[in-house]
Amino acid sequence: MSDKLLEVKNLKTYFHTENGTVKAVDDVSFTIHKGETVGIVGESGSGKSVTSLSVMRLIPTPPGKYEGGEIIYHRPDGQQVNLLDISYEEMRTYRGNEISMIFQEPMTSLNPVLTCGEQVLEAIQLHQDVSEEEGKRIAIEYFEQVKLPTPERIYDAYPHQISGGQKQRVMIAMAMCNEPNVLIADEPTTALDVTVQKRILGMMRELQEKKGASTIFITHDLGVIAEIADRVIVMYKGHIVEQGTVLEIFTNPKHPYTKGLIACRPPLDKRLSKLPTVADFMEVKDDGTIVEKISSVDEAFKRYLVTPEQTKQRLVDLKKQEPVLQIRNLNTWFSTKKNFFGKTLSWVKAVKDVSFDVYPGETMGLVGESGCGKTTLGRTLLRLVKAQSGDIIYKGKHILDLSKSDMKDMRRDMQIIFQDPYSSLNPRMTIGQSLLEPMRIHGLFNSKKERLEKAAELLTEVSMHPDHLNRYPHEFSGGQRQRICIARTLALEPEFIICDESVSALDVSVQAQVLNLMIDLRERFNFTYIFISHDLSVVKFMSDRMVVMNKGEIEEMGPADEIYNNPQREYTKKLISAIPEGRVEDIVARFS
């Protein structure tokens with residue numbers, strides 16, 4: 001009893017809207033003990049982020065309201081405080097000091113008019129009686145701990161001058177600089193590649209051990225939970241449906257929703273034709289009753305298992321064809337310094353002497369750490385970025401030699417799905433307008449009526465309803481927006497699609513649905529994909545072959561299963577070792 005740090009008792013957080021009351025968190029109870037890490041998992045809309053924001057008293061009121069329950073914080077001096085009863089001013093003394101939070105979206109969580117250092121310094125001086133000089137020293141020390149390159153430079157940099165992964169690390173440094181007793185981490189590693197993620201998770205564990213702090217870790221990645229958490233809380237539609245130790249949840253999950261979440265993540269030790277989804281495990285009746293459909297994760301995997309022989313045969317069949325894309329000695333450089341006369345003095349060689357072929361109907365995976373050149377390569381192939389030298393041959397046409405008008409026609413055949421579904425859609429255009437625009441520009445179909453019929457058909461293809469045509473992007477979830485982006489890509493009936501981190505923003509259950517959709521479309525329309533991601537488990541699931549990039553160059557290339565099972569280069573081994581796998585045998589070993 002004495003080691004309790006935070007108790008959430010019968011918490012009810014509702015949102016009262018014009019369309020009725022949304023019970024985002026409904027009668028939730030759990031306890032956090034000193035020194036432990038508790039993982040909260042669930043799909044988007046399950047209530048996990050609202051639970052964490054409730055603990056921080058950051059729910060906007062109205063429309064939000066704490067309808068009931070208590071959040072008891074056990075102070076180091078032994079006193080107990082109900083955080084829902086104290087004044088807003090008193091809550092500020094706890095927030096960021098005793099209880100701190102790493103927010104999910106670093107792009108909007110940092111103030112664009114203050115330097116990164118000024119923002120961390122402000123957090124330090126708000127809760128610690130230190131001079132500006134001492135505060136700066138502490139801030140730079142934490143920048144070093146979160147492995148930011150050139151901490152002094154980033155201290156003076158504005159958020160727009162650093163990468164998304166670096167912004168996330170600044171957020172983590174800001175949350176940890178006052179050494180809080182409770183650290184709430186809401187999807188803190190989503191924007192990071194696997195090697196940086198591993199370092200960040202290790203650093204968070206070090207802080208926890210140093211101060212006996214507790215961590216509430218919110219994520220959709222059960223592999224991460226399996227690696228770092230002591231206990232797991234599974235949330236579904238505002239309720240806790242299951243909780244227990246990591247060992248109990250992963251070796252013997254009871255609730256069908258938990259089983260579905262575990263099965264959604266691409267397994268690394270087997271190849272599947274498609275991923276199981278939550279809907280495979282449970283059916284929700286009209287009265288809210290949940291009926292279990294599959295009893296175990298292994299049973300679901302067996303339904304979609306692909307044998308090694310089938311995988312090898314597919315590769316043989318693909319290579320019998322002429323390549324649809326040939327990349328030869330491609331270089332893409334960016335000027336970083338020019339003299340007074342505009343002459344470039346130094347370059348960043350983002351893509352260096354890259355060569356490979358892609359066959360019709362193949363999915364070629366591109367993996368590597370942030371900054372390895374994979375996104376630049378993908379954009380160079382579509383001439384969205386100018387190549388320095390080399391050759392790109394698509395269906396016999398030399399893309400780098402095409403005129404602008406010829407390239408416009410080529411772009412109908414070669415499309416890209418961008419990483420962020422939020423910024424990929426114009427917020428002022430309805431979904432119908434977004435789908436009609438590319439068809440109109442490329443002169444497809446004879447009338448607006450025919451284009452509308454095609455748009456409705458496209459939404460059906462991506463498991464959405466034609467009635468959605470008149471809605472705006474803000475009315476949809478992230479997963480739905482990504483489906484709309486896929487539908488817009490399909491509007492031009494392309495044959496070659498570049499997927500640039502197209503599922504990284506989605507939780508595992510929605511991610512599984514989108515990946516299954518992309519595989520289904522590939523089989524039906526013989527699409528060729530280049531699939532770019534920092535998530536090796538997703539790339540291995542999707543890809544026939546894989547290209548591993550490092551500092552603009554190809555480190556290793558070959559069949560996806562062979563590269564994972566038998567990597568030849570040290571860099572590839574490092575990437576693979578950093579993957580949070582979540583295998584039962586690893587979890588058993590961790591707790592034995």
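Which side chain meets aspartate 317 in a salt bridge? Lysine 320, at 3.7 Å, N to O. A salt bridge here is a side-chain nitrogen of Lys or Arg within 4 Å of a carboxyl oxygen of Asp or Glu. Lysine 320 is exposed at 65% relative accessibility; aspartate 317 is partly exposed at 37%. The cut-offs: buried is under 20% relative accessible area, exposed over 50%, partly exposed in between, with a 1.4 Å probe and protein chains only.

Some ground rules. This is a predicted model, where local features need pLDDT of at least 70, side-chain atom pairs count only at pLDDT 80 or more, and totals for chains, interfaces and linings use all residues. Residues are numbered from 1 along each chain as its sequence is written, and side-chain values use heavy atoms, leaving out hydrogens and water.

The whole structure has 26 salt bridges. Take helix α5, residues 132-145: it holds arginine 137 and glutamate 134, three residues apart, about one turn. Helices are DSSP runs of H or I, at least four residues, numbered from the N terminus. The two side chains pair at 2.6 Å, N to O. Arginine 137 is partly exposed at 42%, and so is glutamate 134, at 29%.

Helix α19, residues 448-461, has glutamate 457 and lysine 454, also three residues apart. Their closest N and O atoms are 3.6 Å apart. Glutamate 457 is partly exposed at 42%, but lysine 454 is buried at 13%.

Last, a network. Salt bridges link Arg314, Arg522, Glu523 and Asp544.

Key
Helix = DSSP H or I, 4+ residues; strand = E, 2+ residues; numbered from the N terminus.
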